[in-house]
Amino acid sequence: MTDFADTAGTLTFLGLESSCDDTAAAVVRHDPGLPPKVISSVVAGQTELHADFGGVVPEIAARAHTEKMDICVEQALTKANLNLSDVDGIAVTAGPGLIGGVLAGVMCAKGLAIGSSKPLVGVNHLAGHALTPRLTDQIEFPYLMLLVSGGHCQFLIAKGPEEFTRLGGTIDDAPGEAFDKTAKLLGLPQPGGPSVEEQAHMGDAKRFRFPRPLLDRPDCDMSFSGLKTALLRERDRLVETHGGLHKQDRADLCAGFQDAIRDVLAEKSKRALLRYMELSPEHPTLAVAGGVAANMSIRGALETICAELDTRFLAPPLSLCTDNAAMIAWAGIERYRLGGRDGMDLKARPRWPLDAQAPAMLGSGKKGAKA
Ligand code: KG4
Ligand code: ZN
């Protein structure tokens with residue numbers, strides 16, 4: 001396990017990320033005894049490329065990653081004032097994610113590693129998110145992580161760089177996905193989270209009471225797909241009775257929807273915290289990552305729960321909460337310090353659950369759990 005005080009040797013890693021719709025490259029340095037440092041971090045988003053489709057189109061994403069990755073790598077190295085020969089290793093997201101994008105990153109990283117004779121380290125994207133609080137705040141293991149983004153929603157106890165226990169997660173949509181679909185249903189711009197949050201500020205959350213699914217179950221699992229159906233039903237009812245949606249209707253729908261997500265996340269976080277505290281009672285910490293952690297209402301509710309349970313609450317800066325390559329470079333350093341190395345046979349994996357022991361949930365099919 002990486003101990004910040006006595007890891008030997010400075011390490012500088014280049015990280016590559018391309019598992020969804022952000023092409024990213026970054027350089028991170030860790031001097032033993034000092035906090036890790038993000039030397040450079042470049043993120044090329046693809047929002048406009050997918051805007052007409054109401055979601056990420058895998059083929060378009062993969063092509064864009066292939067076109068942009070080498071540019072991002074060059075920019076990250078230039079900003080860090082380094083050459084490829086100066087880094088100690090190359091870390092790359094090897095899954096889980098959209099396979100074309102993951103492949104684009106893995107192939108680029110292999111080329112860089114072979115061309116520079118540097119070690120290659122494949123990283124689980126979710127581990128990148130889950131280890132971010134160590135990059136930003138040097139927290140020691142174990143801690144509880146709520147990963148809440150457009151593609152993921154799970155509670156993980158982080159026990160080591162490669163040791164995670166999943167306490168629960170969504171059984172269908174991720175909350176960010178629910179925000180994005182809601183925005184689409186209401187004609188608001190993508191990404192949906194910020195648009196819905198903005199509308200919710202002006203809305204009356206009490207006007208529409210949306211369901212809080214699975215609160216009757218004692219576990220930490222969640223479900224968000226029914227929410228958009230409930231919202232769709234209200235929207236259609238309003239359109240039918242009023243002949244359209246008024247500005248205020250839209251704001252009220254957003255406010256009601258946001259409150260429902262917030263309540264579910266807050267209550268399930270409380271349950272996850274209580275379970276985690278039974279296992280790790282000392283100095284409990286709840287850390288969040290993922291784009292949805294940017295939502296002030298959700299963040300506020302999590303802070304309140306943590307204050308009630310005398311738990312430290314940690315939310316990395318947004319640029320490191322959402323998809324980025326600094327988290328991949330850092331996770332690569334952590335893996336490398338444990339002896340993790342990959343060869344030219346490193347595979348791109350569409351499915352790669354962090355906790356292989358946990359029962360399959362999200363999108364699980366014949367090939368097992370996705371994440
Ligand atoms: O972590 P992220 O950048 O990418 C992945 O999904 O991995 O998260 C993006 C998601 C989107 O679904 C977006 O709508 C959501 O995070 N999001 C928000 C907010 N800002 C971004 N959701 C709710 N409120 C926000 N302020
Ligand atoms: Zn992510």
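Colleague: Which element gives the largest share of the shell around ligand 1?

Modeller: That's α6, with four residues. Near here means a heavy atom within 4 Å, and helices are DSSP runs (H or I, at least four residues), numbered from the N terminus. Keep in mind it's a predicted model: local features need pLDDT of at least 70, side-chain atom pairs count only at pLDDT 80 or more, and totals for chains, interfaces and linings use all residues. Residues are numbered from 1 along each chain as its sequence is written, chains are lettered from A and ligands numbered from 1 in the order written, and side-chain values use heavy atoms, leaving out hydrogens and water.

Colleague: Which residues come nearest to ligand 1?

Modeller: Of the 18 around ligand 1, Gly150, Asp180, Gly193, Glu197 and Gly291.

Colleague: What do the backbone atoms of Gly150 and Gly193 do there?

Modeller: A backbone N or O of Gly150 is 2.7 Å from a ligand 1 oxygen, and one of Gly193 is 2.9 Å from a ligand 1 oxygen. Gly291 also has a polar backbone atom 2.9 Å from an oxygen of ligand 1.

Colleague: How do the shell residues divide?

Modeller: Five nonpolar, ten polar and three charged; Gly counts as polar, and Asp, Glu, Lys and Arg as charged.

Colleague: Switching topic: how many aromatic pairs in the whole structure?

Modeller: Four, with ring centres within 6.5 Å as the cut-off. One of them, Phe179 with Phe257, is edge-to-face (planes over 60 degrees apart), at 5.1 Å centre to centre and 90° between the planes.

Colleague: Where do those two sit?

Modeller: Phe179 is in helix α5 and Phe257 in helix α8, 78 residues apart.

How values were computed: Polar contact = N/O pair within 3.5 Å; in protein donor to acceptor, adjacent residues only side chain to side chain. Phe/Tyr/Trp six-rings, centres within 6.5 Å; stacked < 30°, edge-to-face > 60°.
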